[in-house]
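Subject: Structure for your review

Dear colleague,

I am handing over the structure below, and I would be glad if you could look through it alongside these notes.

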Amino acid sequence: MIRRTLALIVTLPLAGGCVLVPVPATMGFPVDHHSFARPESVRVTHVSLDLSLDFDEQRVVGEAGLVLDRSDADAPLVLDTHGLAVLSVHGADGTPREFRFGEDRGRLGTPLEIELAPGDESVSVRYRTSPDAVALQWLAPEQTAGERAPFLFTQGQSILTRSWIPLQDSPGIRVTYDARIRAPEGTVVVMSAEQSSRDDDGAFRFRMTRPIPPYLIALGCGDLASRDISERSRVWADPTLVEAAADELADTEAMILSAESLFGDYRWGRYDLLILPPAFPFGGMENPCLTFCTPTILAGDKSLVSLVAHELAHSWSGNLVTNATWSDFWLNEGFTVYFEARIMEEVFGEERANLEKALAFDDVVREMAELEPWAQKLHVDLEGKHPDDGFSAVPYEKGALLLRRIEELVGRDSFDAFLRRWFDEHAFESVTTAEFRRFLEDELLASAPQARAALDLELWLEAPGLPDDAPRAESSGIANVEDELARLRAGTDPSELETGEWVTQQWLHFLEACADEVDRERMGRLDEVFAFTETNNSEVLCVWLRLAVKHGYEAADGRLEGFVERVGRAKFLRPLYKELARTDPDRARALYARMRPRYHAVARAAVEEVLR
Ligand SMILES: [Zn+2]
């Protein structure tokens with residue numbers, strides 16, 4: 001990792017005098033190809049938001065106060081923006097400051113340069129967002145469960161926060177924040193922070209006192225009710241969904257306790273969950289204090305709650321210790337998938353964890369076969385690319401497999417102790433892959449020569465593909481599905497298969513294994529017996545609909561259109577549109593043109609990539 005060299009010198013007292021030692025840039029900032037900020041000269045340390053949510057105009061309007069740490073008294077403040085209209089900039093003394101926009105760099109946005117006066121320790125920027133701000137999705141009441149009020153949510157990862165807040169939008173530049181938010185009557189505002197109070201005029205106030213990367217500043221607003229599920233946890237959701245959501249997520253406290261027993265105290269105070277409308281483009285987003293979730297995890301049988309284990313795990317890997325640049329994204333997601341499986345194992349047992357691991361292994365192998373070599377690397381080079389272009393199962397699953405491989409080599413006890421130190425010593429910091437390598441060498445491998453000899457880190461981190469020593473999970477549940485698949489292939493009617501105890505993950509494996517074997521007629525028989533087209537399990541439905549498109553099973557057409565109309569989760573939309581584009585490109589494009597206004601910018605980008 002190339003780092004900007006810092007003219008930082010420390011003086012060490014030595015016998016006979018002092019010596020000047022240049023310090024490697026551990027206090028510096030790694031080069032972030034996706035931010036215009038120059039934090040080594042002027043850095044934003046705190047953001048104070050005073051905003052109004054204008055649903056009619058679909059704009060956020062107000063002021064961002066920015067507290068500064070100035071290392072270079074002559075340097076301007078450089079911020080990231082994307083589509084923001086800046087109305088004015090003032091110093092702390094209330095007098096105006098000059099500002100200018102740089103060149104528009106498309107999806108990276110536009111730098112905003114602010115001239116600072118000598119004594120400026122803060123500035124405030126009055127601004128408004130554009131109606132097509134990529135971080136914001138404004139939903140009509142009909143797009144919510146209760147259909148009573150409109151809804152707004154933000155999504156900051158990876159580099160979208162700059163489209164609703166002018167700041168230094170790099171994961172290596174942590175900030176604290178506070179916010180005062182005015183919203184229409186009858187709506188509730190929640191944020192990724194502690195809710196401190198409400199003003200007399202109804203404005204909502206929030207405070208985040210721990211430094212976080214800017215992509216974790218998040219807001220939701222709509223017709224929301226809440227239910228407590230433990231002393232530190234509550235579920236926020238549409239009033240019509242809140243009871244079901246609280247039931248589905250009842251194991252959350254057990255997950256927090258298990259995570260704490262593995263990797264140390266939960267350091268964020270509350271752990272609340274917000275169930276978003278189905279247009280939310282992700283499964284979940286680990287916004288601190290308030291995980292954002294898709295309603296598609298509410299399967300009614302807790303079969304999809306590993307998503308909560310995942311988002312919760314980010315409270316350590318990602319939120320506490322963050323990737324310094326998007327090339328180090330695997331440090332967030334690989335650690336989190338590893339950690340998620342450990343939580344699932346603690347709370348639901350080894351077989352459930354192995355079942356999920358085995359499925360994920362197959363998924364990453366399948367996905368990697370279609371990725372270009374650069375995108376198969378863990379430590380990915382994103383220069384000249386948007387961070388989301390590298391988004392795939394690779395940082396998640398290949399990253400977790402590397403950690404499982406190290407665990408296998410050094411033993412679980414040593415590896416757990418190492419992970420605890422990793423989190424403790426880097427708490428509230430942003431880290432690079434090079435720093436991970438150094439820490440691994442010093443804290444673990446140096447005292448485990450056999451493990452060091454067996455582990456080819458360079459191959460794991462810097463080469464495409466999956467190394468041969470990637471650990472495979474054994475699952476009796478998968479073995480059972482394989483037995484039944486063998487019977488099906490031998491001519492047994494689907495109604496004779498023994499599937500009574502199967503969980504979601506087994507059904508997913510079953511359908512994936514059938515993908516190339518069924519035809520329209522066989523799909524009809526499977527549907528008669530198992531009613532896949534009618535299932536309320538979104539994961540199973542998505543795979544089934546993909547097979548329906550692939551094999552021209554028209555009986556599922558209505559369900560397909562309803563699903564892509566209602567659900568905006570990129571994980572589901574992308575494979576469905578991809579299969580549609582393969583079988584009938586005109587139909588794919590026509591359907592997408594109709595649905596596009598319903599999707600978040602993240603989901604649009606994911607679909608448009610497969611329709612190209
Ligand atoms: Zn994640």
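Predicted model: local features only at pLDDT ≥ 70, side-chain atom pairs only at ≥ 80, totals over all residues.

Seven strands make up an open sheet with mixed pairing, and their order across it is 6-9-4-3-12-15-14. Strand 6 (85-91) and strand 14 (194-198) are the edge strands, each having a single partner, so one side of each is left without a neighbour in the sheet. From one strand to the next, the twist averages 20 degrees. Strand 12 in turn pairs with strand 15 (residues 204-212) in the antiparallel sense over six bridges, where D178 faces R207 in strand 15.

A buried strand

How many of the five residues of strand 18 (residues 233-237) are buried? Five of the five are, so the strand is largely enclosed by the rest of the structure. S233, V235 and A237 point one way from strand 18, whereas R234 and W236 point the other way. Strand 17 (residues 225-230) runs antiparallel to strand 18 and is joined to it by five bridges, and the two form a hairpin with two residues between them; S230 has S233 as its bridge partner in strand 18. Strand 18 also pairs with strand 19 (residues 272-275), in this case in the parallel sense over two bridges, with L274 in strand 19 as the bridge partner of W236.

The helices

Two packed helices are described by the angle between their axes and the distance between the axes. For helix 2 (residues 252-263) and helix 4 (residues 329-348), the axes come within 9 Å and cross at roughly 115 degrees, and the crossing is right-handed. On the helix 2 side the contact involves A254, M255, S258, A259, L262 and F263, which meet F339, R342, I343, E346 and V347 in helix 4. The residues of this contact comprise eight nonpolar, one polar and two charged.

Helix 5 (residues 350-368) has 19 residues and spans 27 Å from its first C-alpha to its last, close to the 27 Å expected at 1.5 Å a residue. Its buried residues include A353, L355, L359, F361 and V364, and also the charged E356 and K357. The buried residues of helix 5 pack against helix 3 (306-313), helix 4, helix 6 (393-410), helix 11 (476-489) and helix 12 (504-514).

Backbone details

Most residues other than glycine have a negative phi, and most peptide bonds are trans. The bond from Q157 to S158 is cis, with omega near 0 degrees, and S158 lies in the loop between strand 11 (151-154) and strand 12. Q58, although not a glycine, has a positive phi of about 55 degrees; Q58 sits in the loop between strand 3 and strand 4 and counts as partly exposed, with 17 C-beta neighbours inside 10 Å. E147 likewise has a positive phi, near 60 degrees; E147 is found in the loop between strand 10 (136-139) and strand 11 and is exposed, with 12 other C-beta atoms within 10 Å.

With best regards

Conventions. Residues numbered from 1 in each chain as written. Axes fitted to C-alpha atoms, helices over the stretch in contact; angles between N-to-C directions. Helix = DSSP H or I, 4+ residues; strand = E, 2+ residues; numbered from the N terminus. Left-handed = near helix turned anticlockwise from the far one by under 90°. Contact = placed C-beta atoms within 7 Å. Pairing = 2+ DSSP bridges. Expected span 1.5 Å × (residues − 1). Buried ≥ 20, exposed ≤ 12 C-beta atoms within 10 Å, placed from the backbone.
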